[in-house]
Amino acid sequence: MIPTRAYAGFAATTPLGPHTIDRRDPGPTDVQIEILYCGVCHSDLHTVRSEWTPPSYPCIPGHEIVGRVVATGKDVTTFRSGDIAGVGCLVDSCRECRSCNDGLEQFCERGATWTYGSKDRHTGGVTYGGYSTTIVVDQHFVVHIPVLLDLAAAAPLLCAGITTYSPLRHWRVGPGSRVGIVGLGGLGHMAVKIAHALGAQVTLFTTSSGKETDAKRLGADQVVLSRDTAAMNQRANSLDFILDTVAASHDLNPYLGCLDREGVMVVVGGPPTPHPPVLSGKLVGKRRSLAGSLIGGLGETQEMLDFCAKHGITCDIEVIRMQQINQAYERMLKSDVKYRFVIDMASLRG
Ligand code: NAP
Ligand code: ZN
Ligand code: ZN
């Protein structure tokens, strides 16, 4: 067993605080990683505050992990000690069902093992995430971080990057595509950068009037304040694809109205309460689609990292100490993040 320092939530309404856990000793195909940085995803907050199904406490969030390989099992072929490695939202799956065989491990028919809060296929306990100093993961679920990337700024690619890259690629966004991104937070700012790098014309929809300059710097061609009804109406029927990254319940209908004929809107946000009803007229009138998307498989995650290295894309981050996590959550709820908090895990190592 490897004693590991961590930060955990102990109940839905109390602050996160220090905790100690044991990681398993690396098995034959396992990689042991000393965690250097971990991004702070809004899903961490949803989970630890019990906004989705109540997690098992203590709950240790964190699924945007970058670290250094310090040990490998005897059958590990793809990593060596000293390599810089990444772990995202998944640490296991059945590896033999249709979805796993298709490289879509996140949709494993027998249930994927999430990096935190899942039943651990190895120990029979619960998985614990990246708000910790060490993690042990099967090599199949570990990716290589391209050496060109800044390590702290690369960490959020493991969730925010892949969650936005995957739908943009699946729905074939490319040169000339007219793309709308809703929300300029952790996911949204990555979506703007990646859509721009794919050659799309990017329109950002935001509730925050102060984000216009940043949005344009990040790659948006146009910025629309979504609370301005007249500005929204002006965009009617103007887009091929919309990616909605908002973390709170909101009306999807005005965005659907911005899609051109046969346009597709994809939601990735997981707000704790439902959105207001979608008007079927918004869909049938122009044969529009409303869809969802969930992170991406391991192969696609590596592809995304290589794409980001090629295009010089990382996240815009604010590095925090582990001890600042509770204040960071409060700021995230006020949309006051530019544009991802990343925890420097040296602060927990002491
Ligand atoms: P985040 O950094 O907090 O960003 C969310 C953004 O949504 C905010 O910056 C804000 O942008 C906008 N927003 C917030 N409250 C709003 C409101 N009441 N009305 C309209 N817009 C609002 O969150 P994140 O980490 O990017 O995560 C976004 C969502 O995606 C979360 O629900 C998370 O759980 C989910 N998620 C899903 C997946 C997946 O695989 N499907 C993966 C990761 C995360 P503006 O200030 O620009 O309006
Ligand atoms: Zn996430
Ligand atoms: Zn499977």
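**From one loop outward**

Mentor: Start with Q324, which sits in the loop linking β16 (317-321) to α11 (325-333). Helices here are DSSP runs of H or I with at least four residues, strands are runs of E with at least two, and both are numbered from the N terminus. Keep in mind that this is a predicted model: local features need pLDDT of at least 70, side-chain atom pairs count only at pLDDT 80 or more, and totals for chains, interfaces and linings use all residues. Residues are numbered from 1 along each chain as its sequence is written, chains are lettered from A and ligands numbered from 1 in the order in which they are written, and side-chain values use heavy atoms, leaving out hydrogens and water.

Is Q324 buried or exposed, or in between? Its relative accessible area is 34%, so Q324 is partly exposed. The cut-offs are simple: buried is under 20% relative accessible area, exposed is over 50%, and partly exposed lies in between (1.4 Å probe, protein chains only). Now look across the model.

Follow the chain past α11. The loop between α11 and β17 (340-344) holds S335. S335 is not a glycine, yet its phi is positive, about 55 degrees. Its relative accessibility is 39%, so S335 counts as partly exposed. The loop between α11 and β17 also holds Y339. The peptide bond from K338 to Y339 is cis, with omega near -15 degrees. Why point these out? Most residues other than glycine have a negative phi, and most peptide bonds are trans.

Another cis peptide bond joins Y57 and P58, where omega is about 0 degrees. P58 belongs to the loop between α1 and β4 (65-72). R172 also has a positive phi of about 55 degrees, and R172 is not a glycine either.

R172 follows α4. That helix, residues 160-170, is mostly covered, with nine of its 11 residues buried. Among the buried ones are A160, I162, Y165 and L168. Their cover includes β10 (178-182), α5, β13 (239-244), β14 (259-267), α10 (298-311) and β17. R172 itself lies in the loop between α4 and β10. With a relative accessible area of 73%, R172 is exposed. S177 is also in the loop between α4 and β10. S177 has 14% relative accessibility, so it counts as buried. Beyond residues up to four places away in sequence, S177 touches R172, A200, Q201 and D240. Contact means heavy atoms within 4.5 Å.

Next, strand β15 (residues 289-292), where S289 is found. S289 is partly exposed because its relative accessible area is 33%. Leaving out residues up to four places away in sequence, S289 touches L259, G263, V264, M265 and L283. The C-alpha atoms of S289 and R261 are 9.7 Å apart, while the two residues are 28 apart along the chain.

Now the ligand. Which residues are closest to ligand 1? They are T206, T207, S208, K211 and R340, out of 29 that surround it. A residue is near if one of its heavy atoms lies within 4 Å. By class, this shell has 12 nonpolar, 15 polar and two charged residues. α1 (42-48) and α5 (186-197) each supply at least two shell residues. α1 gives the largest share, three residues. A polar side-chain atom of K211 lies 2.7 Å from an oxygen atom of ligand 1. For G270, a backbone N or O atom lies 2.9 Å from a ligand 1 oxygen. Taken alone, ligand 1 exposes 920 Å², and the protein buries 89% of that. Such areas come from the Shrake-Rupley method with a 1.4 Å probe; for residues, only the protein chains shown count as cover.

Finally, step back. The protein has 12 helices and 17 strands. Of its 350 residues, 55% are buried. Its C-alpha atoms fill a box of roughly 60 × 40 × 35 Å, taken along the principal axes. Among contacts with a separation of 6 or more, 67% join residues 24 or more positions apart.

Key: A polar contact is a pair of N or O atoms within 3.5 Å; within protein, one must be able to donate a hydrogen and the other to accept it, and residues adjacent in sequence count only if both atoms are side-chain atoms. Ala, Val, Leu, Ile, Met, Phe, Trp, Tyr, Cys and Pro count as nonpolar, Asp, Glu, Lys and Arg as charged, and the others, Gly among them, as polar.
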